[in-house]
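Here's a quick briefing to read with the model open beside you. We'll go from the overall fold down to a couple of individual residues.

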Amino acid sequence: MPALAGIPAPNIPIVFKAACPDCRGRFELAAGALRLAIGASSRTTFYSFTCPECGAAVRKPAGERIVELLTGGGVRTLRLHSTV
């Protein structure tokens, strides 16, 4: 529901659907369970989380749309800087 004339939108927790490639579990994660790293290229831009079902560390590439969704949803973001 959008905010109307100065009335804030209700605080609805944002969750993201995710899947684990190791155990093939499917679940929803809160923004605090995800991390986003934005690098100089698509190869160095990714999001990561720990699978709540099997405990595996999962890292997946993040394209522009994923970056937009995760940052808009409050996921903590780390900007990677080039040392060149």
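This is a predicted model: local features need pLDDT of at least 70, side-chain atom pairs count only at pLDDT 80 or more; totals for chains, interfaces and linings use all residues.

The protein chain has 1 helix and 6 strands, and from the N terminus on its elements go β-β-β-β-β-α-β.

**The chain overall**

- The protein chain has 84 residues, and 30% of them count as buried.
- Looking at contacts in the protein chain with a separation of 6 or more, 45% come from residues 24 or more positions apart.

**The sheet and the helix**

- Four strands make up an open sheet: its 4 strands sit in the order E5-E4-E3-E6, and the pairing is mixed.
- Strand E5 (57-61) and strand E6 (76-79) are the edge strands, each pairing on one side only.
- From one strand to the next, the twist averages 20°.
- E3 and E4 run antiparallel and are joined by 3 bridges.
- If you want to find that pairing on screen, look for Leu36, whose bridge partner in E4 is Tyr47.
- Helix H1 (residues 64-72) lies across E3, E4 and E6, and runs at about 130° to E3.

**Thr45, in a loop**

- You'll find Thr45 in the loop between strand E3 (35-38) and strand E4 (46-50).
- Is Thr45 buried or exposed? Thr45 counts as buried because its relative accessibility is 8%, and the cut-off for buried is under 20%.
- The side chain of Thr45 reaches the backbone nitrogen of Gly39 at 3.1 Å.
- Leaving aside residues up to four places away in sequence, Thr45 touches Ala37, Ile38, Gly39, Pro61, Ala62 and Val67.

**Arg24, in another loop**

- Arg24 belongs to the loop between strand E1 (15-19) and strand E2 (26-30).
- With 71% relative accessibility, Arg24 counts as exposed, since exposed means over 50%.
- Arg24 and Cys51 are 27 residues apart along the chain, and their C-alpha atoms are separated by 9.8 Å.

Methods: Residues are numbered from 1 along each chain as its sequence is written. Side-chain values use heavy atoms; hydrogens and water are left out. Helices (H or I, at least four residues) and strands (E, at least two) are DSSP runs, numbered from the N terminus. Buried means under 20% relative accessible area, exposed over 50%, partly exposed in between (1.4 Å probe, protein chains only). A polar contact is a pair of N or O atoms within 3.5 Å; within protein, one must be able to donate a hydrogen and the other to accept it, and residues adjacent in sequence count only if both atoms are side-chain atoms. Contact means heavy atoms within 4.5 Å. Two strands pair if DSSP finds at least two bridges between them. Axes are lines fitted to C-alpha atoms, for helices over the stretch in contact, and angles run from 0 to 180 degrees between N-to-C directions.
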